[in-house]
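Here's a quick briefing to read with the model open beside you. Take a look at the structure, then work through the topics below.

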Amino acid sequence: MKRYHVIVIGAGPAGLSAAIEAASHGMTVGLFDENARPGGQLFKQIHKFFGSKEHKAKIRGFRIGEELLAEAEKLGVEVHLNSTVMGIYFPMNKITVSNGESTTSYSGNNIILAAGASENAIPFDGWTLPGVMGAGAAQTLMNLHGVQPGKRILMVGSGNVGLVVGFQLIQSGCQLEAIIDAAPKIGGYGVHAAKVARTGVPFLLSHTIVRAEGTESVTGAVIAQVDEYFQPIPGTERHLDVDTILIATGLTPMSKLAEMTGCDMKEMGGKVPVVDQYGMTSIEGLYAAGDVSGIEEASSAMIGGRIAALAAAAKDGYIEQNEFEKSYSDYQSSLEKLRKGMFAKENRGKTLAVTDEGLPISTNLLKHGFLDEEEITSYPGMTSRQGIHPVIECTQNIPCNPCQDACKFGCIQVGADITRLPIADVKSECKNCGMCVAACPGQAIFLVEEDCGDHMAAVTLPYEFRPLPEVGEKGYGLSRRGEEICPATVLNVRLNPVFDHTAILTIQVPKEMAMRARFYRGSRKD
Amino acid sequence: MRKLDDRNIDLGEIIPELDDHIIICRCEEITKGEIREAVHMGMFTMTEVKRLLRPGMGLCQGQTCSRYVRNIIAKELGVSPLEIEDNVARPPMRPIELQVFGNEVESE
């Protein structure tokens, strides 16, 4: 039987990172994944990641996947694809793998579980009809296979998955009819909600799906308002004309393999193995990293994978204790940065009233997905002044700071604590380079020249839709809620390679619209 | 005694619910009503319900429906879902054809 120093189960962000870390210390690594392609969910993440430079922020997820894969291959990690781990056995430290034709066993001094999570379904009338699917499944169809999941879509769930996939549906040309959520507030990042809202998609909070209509496939959806116990309120049902219903109501850890070993488990949105600070379970040599040990996101999963492999390397003597301690404390502090802010674990389920800075949190953003015009002046990124200047519509404490690095002229400051709100420095001169606009993973930065003469203003915005409008084209300026509020003329379209496919669009709008117009739509409507 | 351990408790008549027809286990096409009936027949654990009706024995091996089966059992019994022990995890993780299972190849 082939023996590896480390067996990693799951080739997603956590598993790839664990494999790389272990191999970099000279350990032999076998990486197993049941899918035909490695990368887990990374290769369908076409959006720019949050975090700071050390977390690969502002890099699109699939590029991070490519980097990790290249690194793993370079380090000699043996990647087994189409290889489903059928069973795991301790204390023999053995796994049995099926490739669809035969089964083979391998043993590993250490086994790192990084099997990820699966999408939660919600049973409702008609949920087994073709046309009802997980939001992640729809994302796979679009971004890996180039297939639109449908034409007219209802998204159920307003967490980051619902918001990110919702935006990508619009990018792919689908009509996103609404995003609904049973909770009374939007679950994901405000900036993700805002970029969906400004295209005109409504958010219906305290709403649930009652029924999928249709006999052969989905021909419509019935939604209803819910009471405080999340029960539909009779009489509030309404029909939506959709052909696809996407479910984004959370994830469940795929922890069955952990359970099979008999290691200690606990309830945490599904069963997860109990792990120590290094990701080690109650069984020596068995580790868990990433979503399988508790749902987080890809950036923390990557660090979690590294820590588990590092601990395995130290245990087996592949690194010295002092080297281990140094690396561990670096990874740990990097992880802690991601786990801060208003979406941190300790704040889950809470309704915060103020930001870390003591500013009131926008309730309109939580309820409708966009900032109210009355609210915008209260945040440190949104200042008004003469000449061109950045307007940073980032109002929640989330762990993210690429804007600060993007501006070489000191216009934007976040500081060492990356969850602080960015501050637009009124003393520094904006050079209109557009770097901050393209770098912001939340697409929340605009360059505004409030008065360009002739009662006109210029608004520069991030634009990730194709085809790109042409310079001189006339269309509409859209408000934060996606209403056509004024005529707009395209003044400039910039597509520098450094912007990484985020086009920087400058539109001319009437002066009074400078702080209101936040999106552009061409007059040719389809 | 916890309610769950008492096999003689009377759950009363089963009262039909509007959504009894909804499929809970997609893979094996088992409805909410069938699971409720099983509880009233005396199946108080996931394992018992699974042996009677097969929810969680299809393609996804319960990854999707387990939590709902558990919630339904708990609701019928009037206990917290956490008191209902989950299905035992055991190999094989995924459904596998016997010819594949039997075709063991030594790793080199």
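Let's start with a pairing: β12(A) and strand β13 (residues 220-225) of chain A run antiparallel to each other over six bridges. Two strands pair if DSSP finds at least two bridges between them.

Keep in mind that this is a predicted model, where local features need pLDDT of at least 70, side-chain atom pairs count only at pLDDT 80 or more, and totals for chains, interfaces and linings use all residues. Residues are numbered from 1 along each chain as its sequence is written, while chains are lettered from A and ligands numbered from 1 in the order in which they are written.

**Nonpolar cores**

- A nonpolar core is a set of buried Ala, Val, Leu, Ile, Met, Phe, Trp, Tyr and Cys residues joined through C-beta atoms within 7 Å.
- Buried means 20 or more other C-beta atoms within 10 Å of a residue's own, exposed means 12 or fewer, and partly exposed is in between, with C-beta atoms placed from the backbone.
- The largest core has 161 residues, and A:Ala19, A:Ile112, A:Leu113 and A:Leu246 have the most contacts inside it.
- Helix α7 (residues 298-315) of chain A gives the most to this core, with 11 residues.
- Not counting residues up to four places away in sequence, A:Ile112 touches several residues, including A:Val6, A:Val8, A:Tyr287 and A:Ala308 (contact means C-beta atoms, placed from the backbone, within 7 Å).
- There's also a second, separate core of 15 residues, with B:Cys25, B:Ile30, B:Phe44 and B:Ile72 among them.

**Where the chains meet**

- Chain A puts 29 residues into the contact and chain B puts in 25 residues.
- On the chain A side, the elements giving two or more residues are β4 (84-89), β5 (94-98), β6 (103-113) and α6 (256-261).

- Most residues other than glycine have a negative phi, and most peptide bonds are trans.
- A:Phe90 and A:Pro91 are joined by a cis peptide bond, with omega about 5°; A:Pro91 lies in the loop between β4 and β5 of chain A.
- Chain B has a cis bond from B:Pro91 to B:Pro92, with omega near -5°, and B:Pro92 is in the loop between α3 (66-77) and α4 (98-102).
- A:His455, not a glycine, has a positive phi near 60°; this residue counts as exposed because it has 9 C-beta neighbours inside 10 Å.
- A:Asp500 also has a positive phi, about 50°, and is partly exposed, with 13 other C-beta atoms within 10 Å.

**Confidence**

- The model scores ipTM 0.92 and pTM 0.95.

Conventions: Helices (H or I, at least four residues) and strands (E, at least two) are DSSP runs, numbered from the N terminus. Two residues are in contact if their C-beta atoms, placed from the backbone, lie within 7 Å.
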